Amino acid sequence: MSAASLSRRRFLGLSLGAVATFTPFGTLLARAAAPQPIYHLPFPGGVVWRIGQGVKGGYSHQGRAAYAWDFFMPSGSPITAARAGTAWMLKQSSDQHCRDLSCPDWNNYIVIDHGDGTSAAYLHGLKDGARVRLGQRVEQGQFLGLSDMTGQAGGPHLHFQVQNNNPTQYVAQSFLIGFQEVSDSLEGVEGVPLSRHDYRSANAVMYDFDVKDGHFYTQTNGKGGGGRGFRVTDDGDVQMWTAFKSLGGPLELGYPVSRPFRLSDTQHVYQAFQRYVIDWDPVTKQPQLGNVMDLLHDANLDSWLSTDREIPLEADFTAADKGRGWDDVIKAHLALLDANKDLKAAYFSAPDPISRFGLPMSGVADTGDALMLRTQRTVFQLWKHDVPWAKAGQVTLANAGELARDAELFSRQVFEPEQFLPEQLSGEVRLPWEVPGFFRPAGL
Ligand SMILES: [Zn+2]
């Protein structure tokens, strides 16, 4: 079997570097020396939003707000910095909106000072949805907060404008700018989004972020970016987020590939990650790594593992383990490692190999590309020649959590990515700061 066909079967060791590294916007460096400041669309890379009201829109983009854009986006959508600067003005205490010009100022806003006498205003943000603090330095493309429809808004959207600084106005006199990834133009300026057109951001993709009592990951949603993914959170007695961190986080376990779930015959709560499944025991209130490979065996999925993934069959220890003391059982299983010194060394490289990998459960099988040895919780792979994800002689671990998913060991629903919801937001960053009496243009 060739390396390419193995790759096609997604039988990969985890390659974290590839997903964790943000790709800088390609042409940014080339144009950085130009005197014109560069703006990016104010949301994460890959995301497409439609402009509602654009520049000099008849509804309310007039006067100070003439050079503004309303990006239609659902409440809770991430907003990113169009340009680097410092968080200068901020309000996030409101959860109200209205369409009436006479209603109070219910706008939440973030104003980023660009340091050259200009700033950008991001309006209608979610209550407690800011992700920067006042005075904080913000890089271009950095996560600023989440959108909503607070203030004067008929529906969820982000109002964005670039303006001349005025310390008493969070919406000051705007002027026309262009965005680097936009090809339309207006009034002789390139990069100007037009009403009722769709625009895709060329920012770095934002893969994961803090939520209430945990973290939200989109890396494994099958698309990259966007608002769908998997939450890892502490929920009452089930401390999955704490467990995930204590067991090594994404570096050791990979990203989550399932929601938390229970099996019918137990109160344990499970959550699958790329490499392992965390098994939370509500009685002891302790996590351990689940014996996924044993569960696959018990579910009669060994033949699928063997034919589809070339994973060795679990040796039958039932008779041999019977009547043995626990120490002898361990000894017998560990003796399986004597078949290969590299696999043995990899196994014992963990501080507590039995709790990390479980006991060895198979002999060493030669698949042509790799030598494989199965344990209760994972599969060791010693590569015989270079493959895209490993060098010859290197040992990797199978993504046992993904095996469980692909083998349909658990209900398919638990592997469905969930929509990120604003109420999942962390309440950690609460900024009570706001200045009453700012000028408020109508109908932003
Ligand atoms: Zn607007």
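This is a predicted model: local features need pLDDT of at least 70, side-chain atom pairs count only at pLDDT 80 or more; totals for chains, interfaces and linings use all residues.

Reader: What is the average pLDDT of the protein chain?

Author: The average is 84, and 85% of the residues score at least 70. The pLDDT is the predictor's confidence in each residue, from 0 to 100.

Reader: Where is confidence lowest, and where is it highest?

Author: Helix α2 (residues 16-20) has the lowest confidence, at a mean of 32, while strand β7 (residues 118-123) has the highest, at 98. Helices (H or I, at least four residues) and strands (E, at least two) are DSSP runs, numbered from the N terminus. In residues 1-34 the pLDDT is below 50, and beyond near neighbours in sequence this stretch has 39 contacts in the model. Residues 427-444 also have a pLDDT below 50, with 44 contacts beyond near neighbours in sequence. Two residues are in contact if their C-beta atoms, placed from the backbone, lie within 7 Å.

Reader: How many helices and strands does the protein chain have?

Author: The protein chain has twelve helices and 28 strands. Of its contacts with a separation of 6 or more, 62% are between residues 24 or more positions apart.

Reader: Which strands form the open sheet, and in what order?

Author: The order is β20-β21-β22-β23, with antiparallel pairing. Two strands pair if DSSP finds at least two bridges between them. The edge strands, each pairing on one side only, are β20 (261-262) and β23.

Reader: Let us go across it. How many bridges join β20 to β21?

Author: Two bridges join them, and R262 stands opposite V269 in β21. A hairpin of six residues links β20 to β21.

Reader: And how many bridges are there between β21 and β22?

Author: There are four, in the antiparallel sense, and Q271 has I278 in β22 as its bridge partner. These two strands form a hairpin with four residues between them.

Reader: What about the pairing of β22 with β23?

Author: Strand β22 (residues 277-281) pairs with β23 in the antiparallel sense over four bridges. W280 stands opposite P287, and D281 has Q286 as its bridge partner. Four residues lie between the strands of this hairpin, where K285 takes a positive phi near 55°.

Reader: Turning to the cores, which residues touch the most other members of the largest one?

Author: They are I278, L343 and F380, in a nonpolar core of 55 residues. Another core, of 45 residues, lies apart from it and has I51, A120, V132 and L146 among its members. A nonpolar core is a set of buried Ala, Val, Leu, Ile, Met, Phe, Trp, Tyr and Cys residues joined through C-beta atoms within 7 Å.

Reader: What is L343 in contact with?

Author: Leaving aside neighbours within four places in sequence, L343 is in contact with L337, V364, L371, L373, F380, L382 and V395. In soluble globular proteins, nonpolar side chains tend to be buried together.

Reader: Now the glycines: is G358 buried or exposed?

Author: G358 is buried, because 22 other C-beta atoms lie within 10 Å. This residue lies in the loop between α11 (353-357) and β24 (365-366). Neighbours within four places in sequence aside, G358 is in contact with N291, T375, Q376 and R377.

Reader: Where is G154 found?

Author: G154 is in the loop between β11 (151-152) and β12 (157-164). G154 is partly exposed, because it has 15 other C-beta atoms within 10 Å. The C-alpha atoms of G154 and H97 are separated by 8.0 Å, although these residues are 57 apart along the chain.

How values were computed. Residues are numbered from 1 along each chain as its sequence is written. A residue is buried if 20 or more other C-beta atoms lie within 10 Å of its own, exposed if 12 or fewer, and partly exposed in between; C-beta atoms are placed from the backbone.
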